[in-house]
Number of protein chains: 2
Amino acid sequence: MTRSEPAGATGLDTDIPPAHGVADGPNGRPADPSHGTLRPLGLGEVVITGGFLGHLQQRNRDASLAHIEYWLEREGWLGNFDAAVEGRLPEARRGREFADTEVYKLLEGLAWEFGRTHDPRINDKFKRIAVRVVAAQEADGYLNTNFGRPGQARRYSDLEWGHELYSFGHLIQAGVARARTVGEDDDFVRAVRRAADHVCEVFGPEGIQSVCGHPEIEPALVELYRVTGERRYLDQARLFVERRGHQVLDDIEYGRSYYQDDVPVRDANVLRGHAVRATYLSAGAVDVAVETEDEGLLQALRRQWDNTVAARTYITGGMGSRHQDEAFGEDFVLPADRAYSETCAGVGSLMFSWRLLLADGDSRYADLIERTLYNVIAASPSNDGRSFFYTNTLHQRELGTLPDPQQAVGRAASSLRAPWFGVSCCPTNLARTFASLAGYVATTDTTGVQLHQYAPAIMRTTLPDGRAVALETRTAYPRNGRIDVRILGDSVGTWTLSVRIPQWADGAEVIVNGDAQPVEPAGYARLARDFKPGDTVEILLPMNPRFTAADPRVDAARGCVAVERGPEVMCLESVDTPDRVHVDLLRLDEAAGPREVDGSVLVTMRTMTPPEMQGAWPYIRHSPVTTRKVSKAEGPRPAADEPTASQPAHDVVLRPYHTWGNRGPATMRVWLPVTAA
Amino acid sequence: MTRSEPAGATGLDTDIPPAHGVADGPNGRPADPSHGTLRPLGLGEVVITGGFLGHLQQRNRDASLAHIEYWLEREGWLGNFDAAVEGRLPEARRGREFADTEVYKLLEGLAWEFGRTHDPRINDKFKRIAVRVVAAQEADGYLNTNFGRPGQARRYSDLEWGHELYSFGHLIQAGVARARTVGEDDDFVRAVRRAADHVCEVFGPEGIQSVCGHPEIEPALVELYRVTGERRYLDQARLFVERRGHQVLDDIEYGRSYYQDDVPVRDANVLRGHAVRATYLSAGAVDVAVETEDEGLLQALRRQWDNTVAARTYITGGMGSRHQDEAFGEDFVLPADRAYSETCAGVGSLMFSWRLLLADGDSRYADLIERTLYNVIAASPSNDGRSFFYTNTLHQRELGTLPDPQQAVGRAASSLRAPWFGVSCCPTNLARTFASLAGYVATTDTTGVQLHQYAPAIMRTTLPDGRAVALETRTAYPRNGRIDVRILGDSVGTWTLSVRIPQWADGAEVIVNGDAQPVEPAGYARLARDFKPGDTVEILLPMNPRFTAADPRVDAARGCVAVERGPEVMCLESVDTPDRVHVDLLRLDEAAGPREVDGSVLVTMRTMTPPEMQGAWPYIRHSPVTTRKVSKAEGPRPAADEPTASQPAHDVVLRPYHTWGNRGPATMRVWLPVTAA
């Protein structure tokens with residue numbers, strides 16, 4: 001690479017941050033295990049300077065954080081804390097039982113944002129909100145605006161649905177983010193420790209022998225242990241993980257699998273029940289397994305990840321197919337119709353996969369993170385960062401209605417992005433994720449540095465042996481597949497740069513200082529050498545669009561293919577169809593193949609004649625064909641109304657799924673039925 | 001036909017009942033419109049003597065009615081009425097807010113059962129229960145064990161979810177059944193009229209300007225009008241129908257479409273929202289339209305039926321695809337996975353279609369009734385009549401667990417039939433339907449008699465001009481497709497016997513006294529002649545099993561065919577597969593065709609090798625095939641693991657869907673993927 005041929009604009013002018021020490025002081029890591037194959041680089045070590053991921057973090061900063069604060073004030077969820085201080089509860093309480101957590105997730109997002117940018121205005125905002133929250137904390141450390149006061153339900157009287165420990169979990173995560181960005185000497189961090197101490201007292205070995213209906217306290221307590229070194233928090237997290245699955249919670253309509261209280265974590269084979277609960281619990285259980293060096297538990301979680309990815313995950317990386325209980329379906333029940341694929345489950349999946357990646361260093365975890373990041377997490381916010389998908393369907397059959405930008409909607413009622421929800425976990429979950437995105441890009445180990453996600457970035461760190469390394473990446477990824485890495489001035493001696501070759505990137509090339517290197521498909525290309533300042537590594541990932549078919553047991557995708565391009569799943573949106581025809585009336589001519597022309601992904605499609613509908617029974621007698629020649633390539637015959645090769649074909653543009661729904665009401669589909677020709 | 005060659009055993013010895021008058025006295029009709037193309041024959045006019053439908057009514061009598069009474073006592077839902085009398089409410093109240101209605105539906109079932117059999121023990125049982133119910137009625141006619149007492153919610157304080165008018169509706173339906181089987185001079189009927197009068201006072205033109213969140217009062221009031229001639233009931237029903245759809249109820253998470261309060265009935269194009277609510281409302285709206293001769297309203301309901309059948313109905317006739325809100329999905333969202341297809345929605349569909357059939361005489365309505373009867377309503381009860389499907393999925397992926405016969409389960413939690421449910425509407429709905437089955441078999445009009453459903457039966461009625469006609473049907477239908485009709489002794493003069501040729505019965509034959517008659521496909525074969533006693537009509541419906549494909553917009557059935565045989569949808573159950581292999585691993589060889597051998601329906605299938613699963617990403621790169629010859633018959637290429645013609649084929653037995661799940665836990669599917677050969 002030469003600087004005169006940049007791979008892509010870096011977008012933002014950003015100061016190169018100073019390298020932080022590894023163990024001392026705030027390290028800005030979203031998760032920070034003390035054991036494991038890989039050590040993450042935190043926000044102090046990686047600065048994303050632009051590109052796709054940079055845009056996500058910048059829009060979060062420019063629009064979403066303020067949007068969220070506005071809605072938290074407007075809906076009175078922030079005001080609940082003031083009402084608690086002023087003795088106006090329970091009358092003045094607003095929002096659902098877990099409304100406090102949206103404030104905590106905003107605080108966590110602000111903490112990471114300050115850690116990333118060092119912008120004092122962000123810090124002021126954090127402190128102003130944190131003061132209101134901490135003011136409502138009770139003398140014994142308890143903090144919840146929905147329980148325990150006269151006229152409210154007793155503390156911990158409804159572990160199944162009360163979300164009290166879940167709320168403490170998010171409070172603690174905000175404290176962890178604060179400690180990892182400004183240090184432990186902070187009023188909010190002290191308040192969080194008091195809360196954690198309270199939890200350990202009440203739910204410790206001699207305390208209430210139960211768990212929360214919504215996991216989250218588990219990863220939070222381990223992370224607080226990692227920050228503080230206080231073993232009690234780890235022990236409590238382990239207790240929570242071990243208790244669950246022994247029917248300590250009441251049975252409910254959805255069954256105890258809903259909150260993973262059906263089978264102990266170490267005995268389960270696959271994620272099940274509520275997808276956010278399942279992924280949060282799994283993340284916390286990995287944390288416990290890693291810190292307690294419990295290989296049996298860790299192995300159970302690897303197995304669950306494997307089986308979940310193999311049979312219970314959408315092509316987008318989305319998890320959870322059921323609306324009713326926001327839950328995983330049975331194996332291969334992955335309908336595109338009404339795919340739930342909750343945004344928060346995407347965040348939970350990221351948390352789970354990231355922890356396994358740090359533990360094992362297996363690129364498959366980073367592959368799923370990439371897929372989920374581009375096709376679930378990035379799909380949720382609107383172009384302006386002020387409305388959000390709560391669910392991420394893969395098939396929109398009816399033209400949706402644009403929600404009123406001044407009106408909150410039911411959690412999954414909207415077919416288009418909405419500004420706020422009655423249950424509004426997703427916007428705040430995105431905020432904390434986008435603000436900490438730089439923490440998921442790269443790691444180190446004893447050999448050197450690993451690049452997991454590609455974005456324009458500058459990275460400075462020290463290897464375990466104390467050597468400082470620094471590098472810069474430039475790329476327009478995923479607009480194109482070229483990533484240029486340049487070794488910066490202070491890199492010295494032999495070390496290994498490992499760059500992820502995504503599972504989809506057959507034919508990837510890696511070129512070091514102009515010399516092509518051997519590349520194994522999928523995994524890490526490991527480049528060990530005595531890097532010199534100015535050395536360049538060029539990674540070329542093939543971005544030609546490709547067809548993808550589903551496992552034959554995914555009934556909902558039979559006879560269909562999806563189109564992917566790099567890490568992006570593409571979709572067909574009716575605003576791009578000829579005459580804005582309903583997407584369900586188009587059939588893909590697979591023979592033509594997907595192709596990229598002038599930056600657009602094109603496929604060839606034919607429009608089918610809609611069958612006569614009025615009053616017609618939609619099930620048609622189907623005659624077995626006994627006379628036609630049997631060939632391996634033949635599938636089921638088309639129904640009478642399917643288009644054939646004799647009908648005119650036209651080029652149709654597909655766009656990244658994460659962009660859909662930004663151009664007004666549209667029908668949309670990811671899985672494209674293949675035409676009979 | 002000769003008596004020495006019976007088409008099938010009649011099963012039961014039953015006395016031929018006396019012919020009832022048309023207008024006078026109890027006529028035993030489940031619905032009794034005063035206008036319309038067809039006049040139904042009631043339980044006093046049709047006796048089902050055996051066969052498939054006879055088995056359903058006999059098992060209901062022998063097992064289900066007592067089973068239901070047992071559970072109503074055991075769960076305390078019957079005891080709620082005693083508790084009301086004894087002042088033990090609300091403390092002693094048991095069950096959901098609508099638990100009273102299960103008692104009412106049992107009463108309705110008992111009323112029809114007494115009307116059918118004249119068994120005094122059934123009458124005694126009816127009276128013993130009715131006395132307990134009526135004792136709880138308040139002075140002003142109000143009757144509900146869940147509202148209005150100190151400590152309970154106020155009457156009509158929760159129209160959205162309280163189900164008070166829904167409960168009155170089922171109470172009234174029980175009263176209508178009683179009046180139509182013993183006459184109006186009955187204490188229970190008088191109590192029901194007091195209740196109906198109360199409803200009219202409270203919700204009349206000057207009263208509460210709203211409706212109930214769950215329709216049912218609408219058909220009930222019209223039916224009571226038909227029994228009593230009291231116009232006030234019809235007017236009130238019309239008011240309820242006209243009010244709905246004008247946002248008179250609160251908005252809820254599922255939207256007002258859940259209870260059809262989104263669009264006025266006369267403006268709606270398709271059924272939507274909660275499927276039981278939608279079908280009950282539609283039935284009542286047809287009743288109002290017919291009695292008020294409101295052609296515009298009737299036309300709206302025909303249109304809604306048409307569009308619902310064309311795009312929102314399972315091949316089984318099942319309605320409602322969503323678990324979350326027990327609701328219709330959008331057009332063509334008919335996944336076999338977790339198909340909801342609530343048993344009660346099948347009953348509601350029967351009510352709706354029967355009323356349109358009576359209004360219009362169009363055989364399509366009778367076709368859907370047959371389909372729903374054989375594949376939803378008959379599918380719900382177990383072989384022993386003591387456990388039930390609440391939902392009727394078309395695809396069971398996991399081996400279910402047999403519910404404890406002494407334990408009620410969540411409404412849709414069970415994958416196998418359960419003895420009782422927390423919401424137990426389905427068993428009682430079946431009971432009233434099976435007891436009145438004979439009322440859905442035949443009608444008269446000015447030309448003669450129409451046979452809509454085929455069962456061994458004896459029918460006696462009078463035509464509008466006063467002539468008595470009688471006939472007997474003998475058949476083993478659907479075991480075979482032959483129905484023998486014999487004109488009985490007291491038939492005189494020229495009249496028309498119309499026999500339904502089902503939509504699926506291409507090639508049906510009708511033979512009168514040995515002479516083949518011309519038969520149009522689908523509709524009624526109309527045989528006008530001067531029938532003499534002993535004349536015979538032989539109906540031969542082709543019962544060879546057939547393949548059926550779905551509209552190409554039903555994504556969930558793409559690349560699959562179903563097998564049907566006569567009115568029965570067939571299914572593949574793992575207990576019938578080689579080595580009990582999971583049904584999802586079998587592929588159908590369509591070239592071999594379905595066939596019947598020794599009474600079993602066979603297809604040819606190949607077992608596919610399950611793809612490697614552990615940790616495997618289930619989405620596979622799919623290369624477009626550009627070299628193979630393009631032919632009309634080609635569909636999408638099979639995925640790598642699909643079996644081909646080179647793999648061994650074996651015969652596999654399919655059985656009627658309504659029998660599935662009676663042989664222990666099994667996987668099951670209706671839609672069979674077609675193999676690539």
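Modeller: Rings of Phe, Tyr and Trp (for Trp, its six-membered ring) form a pair if their centres lie within 6.5 Å; planes under 30 degrees apart count as stacked, over 60 as edge-to-face, and the rest as tilted. This is a predicted model, in which local features need pLDDT of at least 70 and side-chain atom pairs count only at pLDDT 80 or more, while totals for chains, interfaces and linings use all residues. Residues are numbered from 1 along each chain as its sequence is written, chains are lettered from A and ligands numbered from 1 in the order in which they are written, and side-chain values use heavy atoms, with hydrogens and water left out.

Colleague: How many aromatic pairs are found over all chains?

Modeller: The search of the whole structure gives 48 aromatic pairs. In one of them, Phe389(A) and Trp660(A), the ring centres are 5.4 Å apart and the planes meet at 20 degrees, so this pair is stacked.

Colleague: Where do Phe389(A) and Trp660(A) lie?

Modeller: Phe389(A) is in the loop between α12 and β3 (395-396) of chain A, and Trp660(A) is in the loop between β21 (649-656) and β22 (668-669) of chain A, so the pair ties together parts that are 271 residues apart in sequence. Helices (H or I, at least four residues) and strands (E, at least two) are DSSP runs, numbered from the N terminus.

Colleague: Is Phe389(A) buried or exposed?

Modeller: Phe389(A) is buried, at 4% relative accessibility. Trp660(A) is buried too, with a relative accessible area of 1%. Buried means under 20% relative accessible area, exposed means over 50%, and partly exposed is in between (1.4 Å probe, protein chains only).

Colleague: Which kind of aromatic pair do Tyr619(A) and Trp671(B) form?

Modeller: Tyr619(A) and Trp671(B) form a tilted pair, with 5.7 Å from centre to centre and 35 degrees between the planes. Tyr619(A) lies in strand β20 (residues 619-622) of chain A and Trp671(B) in the loop between β22 (668-669) and β23 (672-673) of chain B, so the pair joins two chains. Tyr619(A) is buried at a relative accessible area of 5%, and Trp671(B) is buried at 5%.

Colleague: Which residues form one aromatic cluster with Tyr142(A)?

Modeller: The cluster consists of Tyr142(A), Tyr156(A), Phe168(A), Phe203(A) and Phe240(A). Arg155(A) lies over the face of Tyr142(A), 3.9 Å from the ring centre. A charge sits over a ring if NZ of Lys or CZ of Arg is within 6 Å of the ring centre and within 35 degrees of the ring normal. Arg74(A) lies over the face of Trp71(A) in this sense, at 4.2 Å from the ring centre.

Colleague: What about the backbone of Tyr156(A): what is its phi?

Modeller: Phi of Tyr156(A) is near 55 degrees, a positive value in a residue other than glycine. Most residues other than glycine have a negative phi, and most peptide bonds are trans. Tyr156(A) is placed in the loop between α4 (120-135) and α5 (164-182) of chain A, and at 12% relative accessibility it counts as buried.

Colleague: Which peptide bonds are cis in chain B?

Modeller: Among them are the bond joining Leu89(B) and Pro90(B), with omega about 5 degrees, and the bond from Tyr477(B) to Pro478(B), with omega near 5 degrees. Pro90(B) is in the loop between α2 (79-85) and α3 (99-117) of chain B, whereas Pro478(B) is in the loop between β7 (468-475) and β8 (482-487) of chain B.

Colleague: Let us turn to the sheets. In what order do the strands of the 5-strand open sheet run?

Modeller: The order is β1-β4-β5-β9-β12 in chain A, and the pairing is mixed. β1 (39-40) and β12 (523-530) of chain A are at the edges with a single partner strand each, so one side of each has no neighbour in the sheet. Two strands pair if DSSP finds at least two bridges between them.

Colleague: In what sense do β1(A) and β4 pair?

Modeller: β1(A) and β4 (residues 442-444) of chain A pair in the antiparallel sense over 2 bridges. Pro40(A) stands opposite Thr443(A) in β4(A).

Colleague: And the 7-strand sheet: what is its order?

Modeller: This open sheet runs β2-β6-β7-β8-β13-β10-β11 in chain A, with antiparallel pairing. Its edge strands are β2 (46-48) and β11 (515-517) of chain A, each with a single partner strand, so one side of each is left without a neighbour in the sheet.
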